[in-house]
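Please look over the sequence and the model shown here before reading the notes.

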Amino acid sequence: MNKEDIISSGLLELYALGIASPEEKIQVERGLAEYPELRHELSAIEDSLETYAHAYTKQPPARIKEKIFEEISNEAAKKEPADGNHQPSAQILYRIPAFFKLAAAAMLLLLIGSIALSYLYYNRYKEADEKYNAASDQLQQANEKLKENDEANAAMKHELNLMSDKNALPVVLNGTPQAPDALAKIYWMKNNGDIYIDPTNLPPAPEGKQYQFWAIIDGKPIDGGMIRTENGVYRIQKMKSFGHADAFAITLENSGGGPVPHGKTYAMAKIL
Amino acid sequence: MLSADSQPSKSSIFNFYQLKRRYILIYLEAVKKYSEEELVSLLKNKDQSAFSYLYDNYSPVLLGIIYKMISDRVLAEDVLQEAFVKIWNNFSGYDSAKGRLFTWMLNITRNLTIDTIRSKSFKNQSKIRNDEKAVNNISDKTNAAESFDALGIRKNLTLLKDDQREIIELAYFRGFTQDEISKQLDIPLGTVKTKMRAAIIELRKVLTS
């Protein structure tokens, strides 16, 4: 169909009115593409129809326009994150799935919890350790005391045994005029000559001095040993053994004593 | 005064829209007018101020056509709203080589209106709304007075023969197919085309006189 045929056929009118059939539409559109003049003719028809339509204009209320703009703005806002203009690729790349966020949060919680528990248990351990050390110290002290007591007990038993021994000859060394209050006692074993001395009633020896025990045999003093203190306390102790003696004496000597007495005699006993 | 104070949020929203509209109007005044080509290229780029201009220029005529088909003001306004949203969303589908922008918009609007008429809810509503029609018709007269242009055109249209006006209106405003027109006017299908052409030639004459 040439352009004159199209114009005279009335197809353009049907097309402009929007009631052309699909085949007629194709014919017109093909013609429009081929003949630019057809466009002028179509425009003239459309213009007149548009003018016709203007005979019935009605001003819509303002709210309609507001509603339309609201709707298209909302749609634009909805679409914005989805379209690719605002570097969303970076956002997508670095987006962490909610599950991992949750897992990370849970792990962090567990970590904090375990640190708190560790701290709590460390404190409890420290407390328990201190208590244990204190308790074991006390135990050790108790053990030592027990041992001391045992030793003391053993010594006392020994002393008691001495005193009750049938061979023991008790000899009392009375204080000389030099020391009237001084008193010492010895247990002299008749069977073996062992001598045990109980110096508990001697006055304490001054600093740097020590009592020395003597046996007088044939008018000569023989060293019977130094009387020792145990933590400043006199206990029954074993001296040198003598088979026989005329007398026993105690003198105060410089510490360590000597083979012959130099100091004053504090106590003495004659054996009859 | 009291009632205005009791609804501050509503009035502030209203003011916002008024301000927005005023801004658009000032903007359009500065631009004066878009050519159809400019308007089309702006709308293809989703330019909202161009769309505002399009709405201001074409909403009254499109509403007129919808109302002519539906005769229900509220429903007609709903269809108008729907039509403009569709025009905005589907604008990439418009091809200026295939016709004028108005023709394309009219086709969208007319199809939506026909869909509405055919919908069940419209059939139910139209019964109820018949009573309101009288009221609407009164406001029609006041609306018609809005446009001097419309009055002038209508005066010219009276020069058109009744059967010519009828055939144009059936197609243009009612969306009748050629087949439907042939039945409605009781003329052979083959002559619808020639009668239509004659009517539009006459229309063109009348409008340019």
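The notes below cover confidence, helices, strands and the contact between the chains.

This is a predicted model, in which local features need pLDDT of at least 70 and side-chain atom pairs count only at pLDDT 80 or more, whereas totals for chains, interfaces and linings use all residues. Residues are numbered from 1 along each chain as its sequence is written, and chains are lettered from A and ligands numbered from 1 in the order in which they are written. Chain A holds 7 helices and 10 strands, where helices (H or I, at least four residues) and strands (E, at least two) are DSSP runs numbered from the N terminus.

- Of the contacts in chain A with a separation of 6 or more, 56% are between residues 24 or more positions apart.
- Of the 272 residues in chain A, 23% are buried, a term that requires 20 or more other C-beta atoms within 10 Å of the residue's own, while exposed means 12 or fewer and partly exposed lies in between, with C-beta atoms placed from the backbone.

- Helix 3 of chain A (residues 22-34) has the buried residues A:Val28, A:Gly31 and A:Leu32.
- Seen down the axis of helix 3 of chain A, these buried residues fall within an arc of 100 degrees, so they line one face of the helix; the arc is that of the directions from the helix axis to the C-beta atoms.
- On the other side of helix 3 of chain A, the exposed residues are A:Pro22, A:Glu23, A:Ile26, A:Arg30 and A:Ala33.
- The cover over the buried residues of helix 3 of chain A includes helix 1 (3-9), helix 2 (11-17) and helix 4 of chain A.
- The buried residues of helix 4 of chain A include A:Leu42, A:Ile45 and A:Leu49.

**Strand pairing in chain A**

- Strand 4 (residues 209-217) and strand 9 (residues 247-254) of chain A run antiparallel and are joined by 8 bridges, where strands pair if DSSP finds at least two bridges between them.
- Strand 4 of chain A also pairs with strand 5 (residues 220-226) of chain A in the antiparallel sense over 5 bridges, and in their hairpin, with 2 residues between the strands, A:Asp218 takes a positive phi near 55 degrees.
- Strand 2 (residues 183-189) of chain A is joined to strand 3 of chain A by 4 bridges in an antiparallel arrangement, with A:Ile186 opposite A:Ile197.
- From strand 3 (residues 195-198) of chain A, A:Ile195 and A:Ile197 point one way and A:Tyr196 and A:Asp198 the other way, and all are buried.

**Contact between chains A and B**

- Contact between the chains involves 47 residues of chain B and 37 residues of chain A.
- Helix 4 of chain B gives the most to the side of chain B that touches chain A, with 9 residues.

Note on methods
Two residues are in contact if their C-beta atoms, placed from the backbone, lie within 7 Å.
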